[in-house]
Amino acid sequence: MASETGTPGEARHPVAASAALIGKSVVMKGELEGSEDLTIEGQVEGKIELRDHTLTIGQGGRIKAQVFAKAVVVCGDLAGNINASESVEIRESGSVDGDIVSPRVAIADGAHFRGSIDMQRKGAAPAKGAAAEPSTPWKIPPSYGA
């Protein structure tokens, strides 16, 4: 097992040493909380809470959950709302059906997204369960591009 100091090549990827993986054959239902980065290749249904860490949904990942994380990267399928304090990235193979609240959102060409986006500024996020002031989130009409 390599130490954290390791070789110079290892030092560039310190996150990999502390990332957890939910494999393709794993099916989970309920609440999932963690204090490390997480990659999901299996199925999760319920609530995922990684407030100070990154959630990556792999190409095989199938998620039906409310997500709270620092950053979210979607390469698989996610049905549910995302609340990310830093960023959300939906890659080309990714699909999101739900609302996104995050200061930075990137949607790759070819990705699927259906929902609304509220790009809250850092420090301007409403208190948990309460709206700070009325806002109009972006809504992409079904006829967009038709």
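## The nonpolar core

A nonpolar core is a set of buried Ala, Val, Leu, Ile, Met, Phe, Trp, Tyr and Cys residues joined through side-chain atoms within 4.5 Å. In this predicted model, the largest such core holds 25 residues. Ile40, Ile48, Leu55 and Ile82 touch the most other members. Strands β3 (38-40), β4 (43-57), β5 (62-74) and β7 (82-90) each give two or more residues to this core. The largest share comes from β5, with six residues.

In soluble globular proteins, nonpolar side chains tend to be buried together.

## Contacts of Ile40

Take Ile40, one of the residues that touch the most other core members. Set aside its neighbours within four places in sequence, and Ile40 is in contact with Ile22, Leu32, Ile48, Leu55, Thr56, Ile57, Gly58, Gly61 and Ile63. Ile48 and Leu55, on that contact list, are also among the residues that touch the most other core members.

## Ser87 in strand β7

Ser87 lies in strand β7. Its relative accessible area is 15%. Buried means under 20%, so Ser87 counts as buried. Beyond four places in sequence, Ser87 is in contact with Lys70, Ala71, Val72, Ser102 and Arg104.

## Confidence along the chain

The protein averages a pLDDT of 81. A score of at least 70 is reached by 70% of the residues.

One is residues 1-17, where pLDDT stays under 50 and the model has three contacts beyond four places in sequence. The other is residues 127-135, also under 50, with four such contacts.

Methods
Residues numbered from 1 in each chain as written. Predicted model: local features only at pLDDT ≥ 70, side-chain atom pairs only at ≥ 80, totals over all residues. Heavy atoms only, no water. Buried < 20%, exposed > 50% of the residue type's maximum accessible area, 1.4 Å probe, protein only. Helix = DSSP H or I, 4+ residues; strand = E, 2+ residues; numbered from the N terminus. Contact = heavy atoms within 4.5 Å. pLDDT = per-residue confidence, 0-100.
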